[in-house]
Amino acid sequence: MFIKKKLLLIASACTLAFGSSAQTAPAAWPEKPVTIVVPFPAGGSTDMVARAMALHMGEKLGQSFVVDNRPGATGTLGAGAVKRAAPDGYTLLVSSLGAFVVAPHLLKSVPYDALKDFDYITVPVQAPNVLVAAPNQKARTVNEVIAQLKANSGKVSFASSGNGSSDHLSAEVFWQQSGTEGLHIPYKGGAPAINDLLGGQVEFSFQNVNSVLAHIRAGKLHAIAVTGDKRSPVLPDVPTLAEAGVAGAEVYSWQGMAAPKGLPAAVKKKLSDAAIAAMNDPAVKKRMLDQGLEIVASTPEAFTAYQAREFARWKTVIETRKITAD
């Protein structure tokens with residue numbers, strides 16, 4: 001009787017344990033809509049890339065991927081919100097390089113540790129910047145721009161979309177590597193910077209290729225050199241800075257997808273596979289390439305290593321050049 005009772009108790013305990021584990025076992029992801037936080041206003045390059053990914057990933061995984069724009073504090077507001085979210089695959093971040101490798105060195109404090117608080121999923125795209133001259137400028141080569149800078153040290157204006165943006169950092173690296181100094185004019189976004197460049201209020205700028213491609217093709221801006229390690233397919237006649245004699249000034253603007261640290265391995269794999277497939281979809285790929293973006297579609301391992309390298313590189317540049325957020 002005692003043995004029978006004991007066996008019944010063990011069986012009951014096993015049933016309870018099994019029932020409990022069945023209730024707490026992770027469900028198949030995704031079972032509800034996934035939010036992609038973009039820490040910038042709608043309409044920009046990062047927002048465009050995020051929405052293209054959201055559409056394709058949603059179709060592939062059979063669940064809605066919804067873009068949530070949360071601009072503020074140079075991208076750190078939205079990134080901080082993602083850091084605080086549950087690491088369950090239902091809150092993602094798609095940002096430009098700023099939040100991942102620049103802002104942590106530029107701002108006195110950010111609400112996350114970029115090296116520890118995220119699981120890095122993929123770099124979907126990258127694009128070189130292009131050195132462009134305003135319509136009223138005579139310079140057509142890198143040597144002519146350098147000569148102008150040397151003749152007017154600290155006075156030749158270079159517009160950027162803001163302190164610490166890839167276009168600002170491109171200018172700083174260019175001045176550093178060419179032994180010159182220009183006058184940085186930061187704007188609140190790329191659109192007003194480009195408008196003043198078109199109007200001749202500023203003289204030069206390093207802009208994302210995709211942002212100024214139409215103006216270059218229309219003859220409104222003069223393309224002088226690109227910051228990539230190879231020529232841009234959409235500007236095949238424009239040399240790289242290295243080809244033009246300025247080595248070590250390679251800069252890419254890029255977007256990255258990340259999640260709160262602690263993502264389950266199975267969810268990370270499913271997420272990265274879907275993200276990479278989205279960027280390699282023929283229609284998505286063509287749309288990106290036509291705008292001057294280059295497909296990267298890196299693995300989580302490759303993005304994690306790249307983020308660490310970029311983090312270290314921009315820390316050195318920002319400290320050496322004494323760049324501030326002001």
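## Ala 305 and helix H11

In this predicted model, Ala 305 has its place in helix H11, which runs through residues 300-320. Although Ala 305 and Tyr 120 are separated by 185 residues in sequence, their C-alpha atoms are 9.4 Å apart in space.

## Helix H4

Helix H11 is also among the elements against which the buried residues of H4 pack, the others being helix H3 (76-84), strand S3 (91-96), strand S4 (118-122), H6 and S10. Nine of the 10 residues of H4 are buried, and the helix is therefore largely enclosed by the rest of the structure. The buried residues are Leu 97, Gly 98, Ala 99, Phe 100, Val 101, Val 102, Ala 103, His 105 and Leu 106.

## The largest pocket

The largest pocket holds about 1,000 Å³ of space. It is lined by 41 residues, of which Phe 40, Ser 161, Ser 165, Gly 189 and Gly 190 are the closest to its centre. Two or more lining residues come from each of helix H2 (45-61), helix H4 (97-106), H6, helix H7 (190-198), strand S8 (204-208) and strand S10 (252-260).

H4 gives the largest share of this lining, with six residues. Sorted by class, the lining of the largest pocket comprises 16 nonpolar, 22 polar and three charged residues.

## Helix H7

Helix H7, which spans residues 190-198 and contributes to the lining of the largest pocket, has Ala 193, Ile 194 and Leu 197 as its buried residues. These three lie on the same side of H7, because the arc that they cover around the axis is only 95°. The exposed residues Ala 191 and Asn 195 are carried on the face of H7 that is turned away from its buried side.

The cover over the buried residues of H7 includes strand S5 (125-133), strand S6 (157-160), S8 and helix H8 (209-217), and S8 is also one of the elements that give two or more residues to the pocket lining. Just after H7, Gly 200 takes a positive phi of about 80°.

The side chain of Thr 180 is joined to that of Ser 178 by a polar contact of 2.9 Å. When neighbours within four places in sequence are left aside, the residues in contact with Thr 180 are Ile 146, Leu 149, Lys 150 and Trp 175.

## The protein as a whole

The secondary structure of the protein consists of 11 helices and 11 strands, and its C-alpha trace spans about 105 × 40 × 30 Å along the principal axes. Of the 326 residues in the protein, 50% are buried.

Among the contacts in the protein with a separation of 6 or more, 78% are accounted for by residues 24 or more positions apart.

Definitions and conventions. Residues numbered from 1 in each chain as written. Predicted model: local features only at pLDDT ≥ 70, side-chain atom pairs only at ≥ 80, totals over all residues. Heavy atoms only, no water. Polar contact = N/O pair within 3.5 Å; in protein donor to acceptor, adjacent residues only side chain to side chain. Contact = heavy atoms within 4.5 Å. Helix = DSSP H or I, 4+ residues; strand = E, 2+ residues; numbered from the N terminus. 1 Å grid on protein atoms, 1.4 Å probe; cavity = no way out; pocket = protein on both sides within 12 Å on 5 of 7 lines; lining within 4 Å. Points joined across faces, edges and corners; volume = space filled by probe spheres on them. Nonpolar A, V, L, I, M, F, W, Y, C, P; charged D, E, K, R; others polar. Buried < 20%, exposed > 50% of the residue type's maximum accessible area, 1.4 Å probe, protein only. Arc of directions from axis to C-beta.
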